[in-house]
Amino acid sequence: MDDQEMRAILGRLSRRELLKWGLYAGAGMSALDLIEACGGSNTSSSTSSQAQTPADKTVQLVYAAPQEDSGTTVKLVVAWNASNPKTQVKYQQMPRTSADFHTQLVSSLTANSPTPDVTDVDVIWPGEFAAAKWIMPLDQYVTDSLKKSLFGSAITAGQYKGKLYAIQRWYDSGQLYYRTDLLQKYAVAVPKTMDDLVSAAKKIQGGEQASNSNFSGFVWEGAKIEAVFDEWLEWLWGMGGDVLDKNGKVKLDTTQGRKALQFMYDTVYSEKISPPGTSTSAPADAISRMQNGNAAFMRNWQFAWNLVQDPRQSKVVGKVSMAPLPSDSSGRPGVGCTGGWMLAINAKSTAPDRAWKFVEYMLGQKAQLAMATGQSVSPVRQDVLNDPQLQSAANGFFKLIGAVLKNVKGRPQLRNYTEISTAIQPEFNSVIANQKKPADGIKSAQAAIDSIQSA
Amino acid sequence: MAIAVKRRGKSRGPEAAEARLAFWLILPAVIGMVAVSLYPVLQTIAWAFQHYQLTDPENVYFNGFHNFQRLAGDPNFWAGLRFSLLYTVLSVAGQFVVGFVFALTAHREFRGRGIVRAAMLFPWTMPTVITAVVWRFMYNPDSTGLFNGTLEHLGLPHNIVWLGSSATLAVIALLILAVWKVNSFCALVVLAGLQSIPGDVYEAASVDGAGALRQFFSITLPYLRQTIMVVLVLRTVESLQAFDIIVGLTNGGPGNATLNLPLYIFQKGLSGAQDFGLSSATALVLFAIILVFAIVYTRVLYREETFA
Amino acid sequence: MRETTLGPIGAERELSVTAGRRRGVPPSRVGFYVLAAFFAVFAFFPMVWIFDTSLKPLNQVTAQPVNYFPWPPTLDNFRVAFGQAPFARYYLSSAIVSVISTVCCLALAALAAYAIARLRFRGKQIVLIGVLMFSFFPAITQLVPLYNVMRNLNLLNTYPALIIPYTFHSMPMAIWLLSAYLRDIPHDLEEAAMVDGTTRVGAFLRVILPISAPGFVTSGIIVFVYCWNEFLLSLSFMTETNVKTLPVGIEQYQGQFTFPWGTISAATVLAVIPLVVLILIFQRRLITGLTAGAVK
């Protein structure tokens, strides 16, 4: 499909139509006359899987992705359907929270459902899904030219036991947000090391608390959620450590591992630059502190940018910038943990070759640009990130994110990643709630995952 | 069990006819419940004795009591079991007492009774998933939360970390929510029971000079014996299975202080561990515990002769 | 003991049943009102807070410290709630599923409860516990097997996928509740009617049902609310937007990491208030209507 054609299609769809389409996806699609009538998403007949679908056969694919409000995903699917009459795709709107998405998706995958054919997966799921044989290896499809066009980590992050199971669709990552006005006021530089961060936060907090008792130097997420483990990984990686030992087993109880947790604990209880409520702080809580002008630094995901820069809800619009997280010494770049969503193909899909074409389309330059513009998320292609349209976008996100994306790292792909992470979270959370000392927290977390890894 | 009833009933006269009728009246409900639950229940029982991890599809085999042995060796299981029992005892007691007093209040005639009745229903009708998150928002340790925010407005210390400091505080916070949310159930059921007590019983007692307190203990409570049993049994069964409310409010935290067995089952099963063997075994343990509770309650409170 | 304290059989007692409900002791004591006020506040304050939040402009929702009086109050959150999702559609799905499940459940449960409460046979305790055992397995363990069943029956994304499990999952609860209420009705009432030549069915419809109406209404409300609020099965079985129920619909206003309090508060208000009003009207109408009939 050429550019003009795409524009024409997108132009025809008014905002209202898109909304309607999005809302009634599944039931009302025939109204757009794009898709032949078909039954419920899970009722398509399960004919035997073929590697090659005859070119003239019309197939109906289901693509599961989180609901989103910009309508971009709907637009992308509509555009695809208009130019691919033989491969019609239906967008199944999934919950936005990873946990509910997972529950819904796993229910259908365990039942050997052939749909969704293509699904978004959270970056931590490919290991689990691949081990369960729910998603198929993509190595046979991936071309070198596709590989070259994507960021390296978009591919490596989806590998499990030497095979590729999922490709990043868009990135999220952890980074440091900071108040430009306060850094200037207190004459401190953007921190490059963890020590810098502590001293800068202390200095600013000391000054600001005189007039604002709710002010904190550094806010981050210490609740019993996935992020608490991700942040620990970031500090660990920033000190040159790693979480997998030589045998590919998860090893927390290392010198750097203890130091990383100690650092997190210290921000709340020794240095006191982070508020006591950090133990229940989720990304949204840290953001509202930042929005209220009650924090100097914040560790958060990329999505926080738009909220902090939204004049309808933020008091600090234009006063916040972002940088890579600090590391232990100024020589080493800090590392952000990646998040976001990847694309994978259902191993029971009845038309995997067509499904792959759709995946390719979603990773293509045009779709990625439309996605990045519409949803304000980081694309997985350098050429898209460099696009002048994005670079000059109003709130400056894409200008700054390039530096962050240079040093990001994915969480390990493990068969039982969630189980391991779920076992770690309460232990780390106990430390941040001051119910355990960091060294004890690491020890009991290690014991918990050792019993999982040996089972 | 219904079959046993039928066999016994066939031999004798009018009583046998009643037993037969009872059999046919109970049958449709039982058939429906069996149809819906039989397969899931049998599946759960089968999985409990298998090595069955979805992420290890090549290795599915019968492994006897191994899953139960693994449970016995997991400190989180024991913590979950302990908290399940603690939560059930405390929340059922709280819901029952508060609900009962609520019902007695709403039962009386007074101006504004409509408001009290509406108040009784509101918490109950809110979707649990949403309720728990709304309360988490109110417990927010930053003064964006209603509680700490109000403390700040009043000039009081306002840095209480309700859900993420001591385990005791988090448990209390959870119990307040549990009582708030579900006392309506107890109140509704008890209120309906109160309404079916004949008024002349109280009149007779008043004539005899019995005070309000004596009337309560000698009339109200005995009359509501069955209702009370029903409330306690149903609340206990549900509290032992409490899930939404805990996931939404604390997710088992701080640490594992509010982790209960259903949450443990979820973590070991569907949420990512995909160890259906282990989570099914836990479900069986939970089943046994609930059964024991139900039998004890009915033994103590159930009187067959009162309506035979 | 109950038998001895009961008054004479017949019309006189029916009168006194209603009289007891009307009579009450005039609540003169301040303590009583304090208690009533406490209950009202305890139950209402989160709802008031949610309503309050639903009227707040975006920048006041997470103000630090909290802001009690949204100024200027706005209906934006309601607009967003309606604009972002087919809220009316969720309402319709929830209503269809809950009403049908409740009616089916009560009808079947009433039969069983009548047998347990009013017919003579042995082993009732075993029957009661046996019935209850169907509710001993947590929904999380039943989810995957049930999903398999629904998929094989091609019922996913159809209302029966929820109506069937809701009806029978709430059945034990309904049987227990109803049998407790039915059991409380004095036997001589029914027998008197049957002596007069009324059949058992007639006696049930004309005597038992009216007297136990509060019990039926209560059980109905409880089953209805259970169906209305169920989340896990609904989340997994209903993936198409046009059949989603309210709790799942509201929950899906959540972002991956964000929680749009204003929108969710508005949605919650919309979901809860009409329901409560409806239940209140229903409850009052039914009780007063029936008592009036009994007096006549």
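The domain assignment of chain A, in this predicted model, gives domain 1 (3–171 + 340–392) and domain 2 (175–337 + 412–453); such bounds come from an automatic or database domain assignment. Nine residues from domain 1 of chain A and eight residues from domain 2 of chain A form the contact, two residues being in contact if their C-beta atoms, placed from the backbone, lie within 7 Å. On the domain 1 side, the elements that give two or more residues are α5 (126–131) and β4 (159–160) of chain A, and α5(A) provides the largest share, four residues. That side divides into four nonpolar, four polar and one charged residue. Here Ala, Val, Leu, Ile, Met, Phe, Trp, Tyr, Cys and Pro count as nonpolar, Asp, Glu, Lys and Arg as charged, and the others, Gly among them, as polar.

Turning to chain A as a whole, its secondary structure comes to 20 helices and eleven strands; helices (H or I, at least four residues) and strands (E, at least two) are DSSP runs, numbered from the N terminus. Of the 455 residues in chain A, 54% are buried, that is, with 20 or more other C-beta atoms within 10 Å of their own, the C-beta atoms being placed from the backbone. Strand β9 (residues 320–323) of chain A has V320(A) and M322(A) on its covered face, with S321(A) and A323(A) on the uncovered one. Strand β6 (residues 167–179) of chain A runs antiparallel to β9(A), and four bridges join them; pairing requires that DSSP finds at least two bridges between two strands. One of the details of this pairing is that Y177(A) has M322(A) as its bridge partner in β9(A).

Chain C, for its part, has 16 helices and zero strands, and buried residues make up 54% of its 296 residues. The contact between chain C and chain A takes 30 residues from chain C and 35 residues from chain A. On the chain C side, α4 (58–61), α8 (139–152) and α14 (232–237) of chain C each give two or more residues, with the largest share, five residues, coming from α8(C). By class, this side has eleven nonpolar, 16 polar and three charged residues.

As for confidence, chain B averages a pLDDT (the predictor's confidence in each residue, from 0 to 100) of 87, and 94% of its residues score at least 70. Over residues 1–10 of chain B, pLDDT stays under 50.

Residues are numbered from 1 along each chain as its sequence is written, while chains are lettered from A and ligands numbered from 1 in the order in which they are written. In this predicted model, local features need pLDDT of at least 70 and side-chain atom pairs count only at pLDDT 80 or more, whereas totals for chains, interfaces and linings use all residues.

Technical notes. Buried ≥ 20, exposed ≤ 12 C-beta atoms within 10 Å, placed from the backbone.
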